[in-house]
Amino acid sequence: MSSLVSTQTPALRFSLRKSLGLFILAGLVVFACLPLIIGGADPLKQSLRLSLQPPSSAAWFGYDHLGRSMAARLAAALRLSLGLALLSVVTAMVPGILLGVLAAWRGGFIDRAIGAVSESLLALPGLLLVLMLTAIVPDNPAMLYLGISLVLWIEYFRVTRALARPILNSPAVEASRLLGFGPLYILKRHVWPEISAILLRLGAFGAASAIMAIAALGFVSVGVRPPTPELGLMMIELLPYYEEAPHALLQPIAVIFLMVLALQLLAGRQDSGKETA
């Protein structure tokens, strides 16, 4: 009986943790997309008579220093951050995985060449690379997306190369080769099932890192410019009014915290349950 409890309890705990992360993320997505479905206030519309008004029954999130609806701006900023983070992760994950498998499979010059490119990019701090790109083409969210993708793909490449190498050298893959199966079959049948869980968890962490990077760049007024709603930009705009309207400043901070928390909970640690079992 005791062994049964010890094997079920971690799995239940991890399941609850991921369910909580999914619930928080779904709530944020609904909040961000609801104005597109049922309509709502214009996030750019100003009304100085409503400046720094606190939350009320008519406006649950209050107004910022220019009398703009905080609910509308938070929803628009969420769509921007989640969209950029998701696009960056997908764009980085696909070439990172393919290049990692290619380097592990072929080895030799191809492995060294791709490894050299990744290491040369690693020599630059990630945020510095994004800053350089946004300085070349300012006021363009696409450069934020491009810069973050260039930083993130290295992680997927290095992890995939390390995980795929022993799998490709295993007897099962050698048997598939002798039977005449091609690279696509081997990738689908042998490699992806073994590395997908780790890479998807890495994707959740990458999305959280992308959201933090976008907010940090917005906080230092790089990338997205006013009046476009962006969480880091909203924080720096509302910082001078933290004594008069602390609720307004805390709202973008709380949204970033909830987004990162949800992605961290979703990432989880499945291996712990297996080890215990």
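This is a short walk through one chain, from its overall build to a few single residues.

Keep in mind that the model is predicted. Start with the fold. The chain has ten helices and zero strands. Reading along the sequence, you get α-α-α-α-α-α-α-α-α-α. The C-alpha atoms fill a box of roughly 75 × 60 × 30 Å along the principal axes.

Next, contacts along the chain.

Now the surface. The accessible surface comes to about 14800 Å². Carbon and sulfur atoms hold 69% of that. On charge, we have 20 positive and 14 negative side chains. The centres of those two sets sit 9 Å apart.

Let's go inside. The chain has 277 residues, and 42% of them are buried. As background, nonpolar side chains tend to be buried together in soluble globular proteins. Here, the largest nonpolar core has 62 residues. Which of them touch the most other members? Tyr156, Val191, Leu231 and Met259 do. Several helices give two or more residues to this core: α1 (2-38), α2 (70-106), α5 (141-168), α7 (183-219), α8 (231-238) and α9. Helix α2 gives the largest share, with 15 residues.

Stay with Met259 for a moment. Leave out residues up to four places away in sequence. Met259 then touches Leu28, Leu78, Ser81, Leu82, Ile211 and Leu231. Leu231 is another of the residues that touch the most other core members.

On to Gln251. You'll find Gln251 in helix α9, residues 246-267. Is Gln251 buried or exposed? The relative accessible area of Gln251 is 12%. The cut-off for buried is under 20%, so Gln251, at 12%, counts as buried. What does Gln251 contact, beyond neighbours within four places in sequence? The partners are Pro55, Phe61, Met70 and Leu74.

Last one, Ser170. Ser170 is in the loop between α5 and α6, and α6 covers 171-178. The relative accessible area of Ser170 is 19%. Buried means under 20%, so Ser170, at 19%, is buried too. What lies 2.6 Å from a polar atom of the Ser170 side chain? The backbone oxygen of Ile167 does.

To recap: ten helices, zero strands. A largest nonpolar core of 62 residues, with Met259 among those touching the most other members.

Key. Residues numbered from 1 in each chain as written. Predicted model: local features only at pLDDT ≥ 70, side-chain atom pairs only at ≥ 80, totals over all residues. Heavy atoms only, no water. Helix = DSSP H or I, 4+ residues; strand = E, 2+ residues; numbered from the N terminus. Buried < 20%, exposed > 50% of the residue type's maximum accessible area, 1.4 Å probe, protein only. Contact = heavy atoms within 4.5 Å. Areas by Shrake-Rupley, 256 points an atom, 1.4 Å probe, with all protein chains shown as cover. Lys, Arg positive; Asp, Glu negative; His and termini not counted. Charge placed at Lys NZ, Arg CZ, Asp CG, Glu CD. Core = buried A, V, L, I, M, F, W, Y, C linked by side-chain atoms within 4.5 Å. Polar contact = N/O pair within 3.5 Å; in protein donor to acceptor, adjacent residues only side chain to side chain.
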